[in-house]
Amino acid sequence: MATHLRWLSAGPCWRAVRCACGELRACGELRAWSPRCAAGRLCRPPGTACREQSRRLGYGAPVGGGSGLRTRLAAGLAGLVGLAAAAFGHVERAEMVRKSSGAPSASPGRPEEGDDELASRCRCFMAPPVTDLRELRRRPDDMKTKMELLILETQAQVCQALAQVDGGARFSVDRWERKEGGGGISCVLQDGHVFEKAGVSISVVHGNLSEEAAKQMRSRGKLLKTKDGKLPFSAMGVSSVIHPKNPHTPTIHFNYRYFEVEEADGNILWWFGGGCDLTPTYLNQEDAVHFHRTLKEACDQHGPDLYPKFKKWCDDYFFIAHRGERRGIGGIFFDDLDSPSKEEVFRFVQSCTQAIIPSYVPLVKKHCNDSFTPQEKLWQQLRRGRYVEFNLLYDRGTKFGLFTPGSRIESILMSLPLTARWEYMHSPSENSKEAEILEVLRHPRDWVP
């Protein structure tokens with residue numbers, strides 16, 4: 001399915017993030033990013049380099065479907081990134097300073113010196129990059145460098161926006177290492193004022209796939225040429241699940257990732273995957289339209305066929321088969337994106353990461369102080385039970401991580417809520433608000449044209 005190559009201006013960026021100069025912007029209203037902070041300095045929008053003008057975007061050519069070539073390798077490797085990071089070893093624990101007090105405190109190894117753009121960007125991250133700065137400087141144009149910086153920036157901006165909304169809560173910052181290669185940074189806020197649990201994790205891992213993993217991928221139609229039974233790979237991504245306390249504030253999940261596999265003849269296979277979806281306890285038509293419209297605007301910058309395709313893919317993927325219902329009201333989901341070029345797909349993923357805060361933070365601010373009844377809180381707990389069922393029974397990344405020896409279980413299960421509930425034979429009353437959301441979960445809707 002081809003789309004014509006188009007060059008469009010970068011989409012809207014939004015307040016609720018820390019600028020390169022250190023100012024934390026207020027989040028909330030649906031208003032566009034202002035290129036200058038209060039001090040008058042030029043600041044970059046989320047996900048972009050520190051340039052006065054945002055990069056122009058383009059996209060075209062076919063995108064991968066649910067079957068065939070690059071597909072199922074990503075399903076397995078997804079367990080190595082984000083929430084399902086299979087990691088060993090040492091964990092350094094620190095705490096982010098309260099957002100009201102300014103920039104994050106220095107962590108061991110944080111690049112506090114240097115005035116180049118890379119050092120400036122790194123000072124805004126939750127922790128230093130997983131890859132050594134000297135290595136990142138040696139390969140500034142390599143996609144692995146660009147993607148690592150993007151996911152670190154996304155993690156920091158989302159954490160800062162959430163902490164500001166929560167009103168003084170702290171994120172714990174766990175920096176972990178994987179003995180086979182690489183590591184990650186898991187940031188978790190628990191028992192805040194607004195959020196019961198909010199986790200934003202990145203991982204940057206590399207090594208060799210086992211022969212068993214390679215065999216599984218070949219069985220799915222992938223011809224992988226190994227050398228001495230080894231198949232080098234690199235995988236990195238950012239992943240998050242945010243569970244608010246108020247049942248009228250929806251849960252959100254997002255994940256964006258990049259993979260490379262090197263075959264025996266030196267051929268490099270690469271692809272991107274990811275998505276973002278919303279899981280409300282109660283249906284709010286205005287919220288659903290806002291969320292989907294924001295994602296659609298991000299997709300439309302790169303082709304008019306992307307949002308409808310990825311929206312349907314999301315509805316199909318987040319399906320709890322034994323319940324006959326979706327986990328939420330959807331969003332976008334894609335895998336194995338490897339055309340038309342690395343740069344153009346990267347710019348598409350960059351647009352998707354820039355849509356996270358404006359699609360979600362206004363909904364949190366809108367509903368975090370809503371009143372609710374014990375019955376509505378009970379319904380939230382029951383819906384969270386469905387969330388747990390999907391993640392443990394169907395989510396490919398979670399399952400892969402749980403069955404990988406030596407996996408870092410805390411990072412894999414970070415997506416689960418602190419509290420959930422299962423009641424025997426619970427059924428909502430006919431024509432109730434609870435029945436209304438169930439109808440949508442069983443029969444997905446098109447929220448925007």
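These are my notebook entries on a predicted model of one chain.

**Ground rules.** I number residues from 1 along each chain as its sequence is written, and I leave out hydrogens and water, since side-chain values use heavy atoms. In this predicted model, local features need pLDDT of at least 70 and side-chain atom pairs count only at pLDDT 80 or more, while totals for chains, interfaces and linings use all residues.

**Entry 1, the whole chain.** I looked up the secondary structure and found 13 helices and 12 strands. Helices (H or I, at least four residues) and strands (E, at least two) are DSSP runs, numbered from the N terminus. Of the 449 residues in the chain, 59% are buried; buried means under 20% relative accessible area, with a 1.4 Å probe and protein chains only. I then checked contacts, meaning heavy atoms within 4.5 Å. Among those with a separation of 6 or more, 72% join residues 24 or more positions apart.

**Entry 2, strand β6.** I looked up residues 195-209, strand β6; 13 of its 15 residues are buried, so the strand is largely enclosed by the rest of the structure. Two strands pair if DSSP finds at least two bridges between them. β6 pairs with strand β5 (residues 182-190) in the antiparallel sense over 9 bridges, and Gly 182 stands opposite Val 205 in β6. The two strands form a hairpin with 4 residues between them, and Asp 191 in the turn has a positive phi of about 55 degrees. β6 also pairs with strand β7 (residues 231-244), again antiparallel, over 14 bridges. There I found Val 241 of β7 as the bridge partner of Gly 199.

I looked up how α4 (residues 143-166) packs on α8 (residues 342-354): the angle is about 5 degrees and the axes are 11 Å apart. Axes are lines fitted to C-alpha atoms over the stretch in contact, and angles run from 0 to 180 degrees between N-to-C directions. The two helices are therefore roughly parallel to each other, a label for angles under 35 degrees. Residues making the contact include Met 143, Met 147 and Leu 150 of α4 and Phe 346 and Val 349 of α8.

A nonpolar core is a set of buried Ala, Val, Leu, Ile, Met, Phe, Trp, Tyr and Cys residues joined through side-chain atoms within 4.5 Å. The largest one has 86 residues, and Met 147, Phe 171 and Phe 195 are among those touching the most other members. α4 gives the largest share of this core, 13 residues. I also found a second, separate core of 11 residues, including Trp 176 and Leu 209.

Terms used:
Angles under 35 degrees count as roughly parallel, over 145 as roughly antiparallel, 65 to 115 as roughly perpendicular and the rest as oblique. Buried means under 20% relative accessible area, exposed over 50%, partly exposed in between (1.4 Å probe, protein chains only).
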